[in-house]
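Please look at the structure below. A set of questions and answers follows it, written for a reader meeting it here.

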Amino acid sequence: MGIRPGELTGLSEGMSLPELRKVITQENINLYAEASRDFNPIHINEDFAKKTPLGGTIAHGMLILAYVSQMMTAAFGRNWLAGGNLNIRFKTPARPGDTISVGGRIASIEKNESQTLVRCDVLCRNQNGDSVITGETSVRIAK
Amino acid sequence: MPERQKIEYGQLVTGYEFTPSSYKLDSSVVAAYLRAVEDTSSLYQDTGLVPPMAIAAYAMAALSDAICLPPGTIHVSQEFDFLDTASIDNTFTSYATVSKNQSRGKFHLLIVDLNVINQHQKAMLAGKTSFILPAPSEGT
C-alpha cells in the first residue's frame with residue numbers, strides 16, 4: 001500500500017512512497033548545470049568525459065538527489081521543506097539515456113506529544129536494476 | 001556568485017573555514033531550477049516557496065567554487081537537514097567548514113560541513129558532504 005500524495009493520515013510502516021520515474025537526457029544535465037552553476041566538465045563536456053574512466057558524461061549526483069526530494073515533497077508536502085532530513089550514498093553514476101526509478105518505503109514511525117517522526121528507506125535504481133542512490137530520509141510532522 | 005580563488009584540497013586542514021558565499025534566489029533562478037529537475041509540484045506554483053534542494057545546490061556550487069577538485073573526484077555521500085521554508089527573493093549565506101581531510105592510501109577522504117542561513121540569520125539548511133579524491137601529487 002502506498003502513501004497518497006500529501007495525505008498524512010493513516011501512515012504505517014511498510015507503506016511505499018509515491019514512485020517517480022525520470023529519463024536522464026544530456027539536455028536535462030545541461031539545464032541542471034546552468035541552474036545549479038555546476039559546470040564540472042564530467043557532466044557537460046562529452047569529449048572530456050569520454051577520455052575519463054567513466055567513458056562519458058554523467059548526471060550530477062545532486063540532480064538525482066533532487067528527485068528524491070521531489071518524491072518526499074509529494075508524500076509529505078511542506079513538512080519536508082521544514083523538517084526533512086536525508087542521508088544518502090551515491091553508488092553508481094546516472095548517464096544520459098538512463099531511466100531512474102525513485103522509490104522508498106516507510107521504515108518506522110515515532111510519535112510523541114508534539115510531533116511524528118517518519119523514517120524512510122529510499123532507493124534510486126537505473127533500468128538495469130543498479131542502485132544509483134541508497135539511503136534514509138526522515139521527516140518531522142508537527143501536531 | 002563571484003569567482004573566488006580556489007584552494008588545493010591537499011592544503012585543507014580540519015577546521016578550515018571557507019569564505020562564506022551569499023546568493024539570492026529570485027523567481028527566474030527558481031523557475032530555471034524547477035525546469036531543470038522537472039518539478040511541477042503545486043507546492044511551488046504561485047506560492048513563492050523555494051525547493052530546499054535549490055538552496056542545497058547553490059551551497060554545493062559555492063563549495064565547488066572554493067576548492068580545486070581534480071578529475072576523479074567522487075561525491076560519495078550527502079546529508080541535508082531542511083530546517084525552515086524559504087521564499088523567493090530570500091538571500092542565503094552558505095558557510096562551509098572542513099570536518100575531515102584524511103589520506104587513505106592512494107585516496108583522500110574530504111568531509112565538509114555546510115550551514116546556510118537566510119538574510120534574517122535564520123538557519124535554513126545544514127549538511128555534510130563527502131568526497132573521495134585521488135591523493136595529491138608531490139609538490140601540490
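Q: How many helices and strands does chain B have?
A: This is a predicted model. Along the sequence, chain B follows the pattern β-β-α-β-α-β-β-β-β-β-β. The count for chain B is therefore 2 helices and 9 strands, with runs of H or I of at least four residues taken as helices and runs of E of at least two as strands.

Q: What share of the residues of chain B count as buried?
A: A residue is buried if 20 or more other C-beta atoms lie within 10 Å of its own. The C-alpha atoms of chain B fill a box of roughly 55 × 30 × 25 Å along the principal axes. Of the 140 residues in chain B, the share that counts as buried is 34%.

Q: Is helix 2 of chain B mostly covered or mostly uncovered?
A: Helix 2 of chain B covers residues 52–66 and reaches 22 Å from its first C-alpha to its last, close to the 21 Å expected. Its buried residues include B:P52, B:M53, B:I55 and B:Y58. With 11 of its 15 residues buried, helix 2 of chain B is mostly covered.

Q: Which element of chain B gives the most residues to the side that touches chain A?
A: In this contact, 30 residues of chain B meet 33 residues of chain A. Helix 1 (27–36), helix 2 and strand 5 (74–82) of chain B each give two or more residues to that side. The element that gives the most, with 8 residues, is strand 5 of chain B.

Q: How many nonpolar residues does the side of chain B that touches chain A have?
A: The contact takes in 30 residues of chain B. By class, that side has 6 polar residues, 6 charged residues and, as the number asked for, 18 nonpolar residues.

Q: Which residue of strand 5 of chain B is the bridge partner of A:N85?
A: Strand 2 (residues 84–90) of chain A and strand 5 of chain B run antiparallel and are joined by 6 bridges. Strand 2 of chain A also pairs with strand 5 of chain A, in the antiparallel sense over 7 bridges, where the partner of A:N85 is A:S138. In strand 5 of chain B, the partner of A:N85 is B:D81.

Q: Which residue takes a positive phi in the hairpin of strand 4 of chain A and strand 5 of chain A?
A: These two strands run antiparallel and are joined by 11 bridges, and A:T116 stands opposite A:I141. The hairpin has 5 residues between the strands, and the residue with a positive phi near 90° is A:G129.

Terms used: Residues numbered from 1 in each chain as written. Chains lettered and ligands numbered in written order. Predicted model: local features only at pLDDT ≥ 70, side-chain atom pairs only at ≥ 80, totals over all residues. Buried ≥ 20, exposed ≤ 12 C-beta atoms within 10 Å, placed from the backbone. Expected span 1.5 Å × (residues − 1). Contact = placed C-beta atoms within 7 Å. Nonpolar A, V, L, I, M, F, W, Y, C, P; charged D, E, K, R; others polar. Pairing = 2+ DSSP bridges.
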